[in-house]
Amino acid sequence: SVVRDARSRGALATVVTFFPHPRVFLGHAPSRYLTLTDEKVALMGELGVDVLVVYPFNADTVQTSADQFVGWMCHNLRMAALWVGVDFALGHRRQGNVDFLREAGLRAGFALHTVPPLTIGAQRISSTRIRDALARGDVRDATVLVLPATTQLEHWDIHTSYGHTDVLLNRPAIAPVGQARPNTEVFRELARRMGFQDPCFADDD
């Protein structure tokens, strides 16, 4: 949505991220990252993002007001639209929440868009939850969030016999829920990213 909006405005799609992570700098979380900066650059490029700004988070950043942050983005990035999560906040003591940013947009002339949280059923997906799962060694919970797989109701499959001589074709009864994908698709994508060239990874379902 960010990239499409930027293209429609003839603008650059820009992502601003902090490093180190604010929670890490403030001592609220261990120094664990899901992606390194170089990996982030590559991932953003694949999504069509034009510019990735890595903003240093330090003692000065902690004291920066929401007004100052907004002013910096408007002046340096020529911001025409801002996309944030529904519970996003920036600036000293998180004063720059969605309501604040909406009012700031009216004054400064940029549009504010809120992005609803990603969920799997009733479960909310967040980087914090994924990091916490990996920290406690709960690979299953992290995998469900990062690589959600379809169930038998959502994908094509072949079943061999369970005490009979038939081969059964499993047809999907419903469309995949959320961003869930068949395991075969996940394996093909992992193989591609890891550089495997075996012919089997080119087979479709």
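1. The side chains of Asp141 and Arg129 form a salt bridge, with an N to O distance of 2.9 Å; the term denotes a side-chain nitrogen of Lys or Arg within 4 Å of a carboxyl oxygen of Asp or Glu. Asp141 belongs to helix 8 (residues 139-146) and Arg129 to helix 7 (residues 127-135), twelve residues apart; helices are DSSP runs of H or I with at least four residues, strands runs of E with at least two, numbered from the N terminus. Asp141 is buried at 9% relative accessible area, whereas Arg129 is partly exposed at 24% (buried is under 20%, exposed over 50%, partly exposed in between; 1.4 Å probe, protein chains only).

2. The model is predicted: local features need pLDDT of at least 70, side-chain atom pairs count only at pLDDT 80 or more, and totals for chains, interfaces and linings use all residues. Residues are numbered from 1 along each chain as its sequence is written, and side-chain values use heavy atoms, with hydrogens and water left out.

3. The structure holds twelve salt bridges. In one of them, Arg7 pairs with Asp50, the closest N and O atoms being 2.9 Å apart. Arg7 lies in helix 1 (residues 2-9) and Asp50 in the loop between helix 3 (37-46) and strand 2 (51-56), so the pair ties together parts 43 residues apart in sequence. Arg7 is partly exposed at 43%, as is Asp50 at 37%.

4. Asp138 and Arg136 also form a salt bridge, with closest N and O atoms 3.5 Å apart. Asp138 is partly exposed at 27%; Arg136 is exposed at 52%.

5. The search of the whole structure finds zero disulfides (pairs of cysteine sulfur atoms within 2.5 Å). Cys74 is partly exposed at 25%, and Cys200 is partly exposed at 47%.
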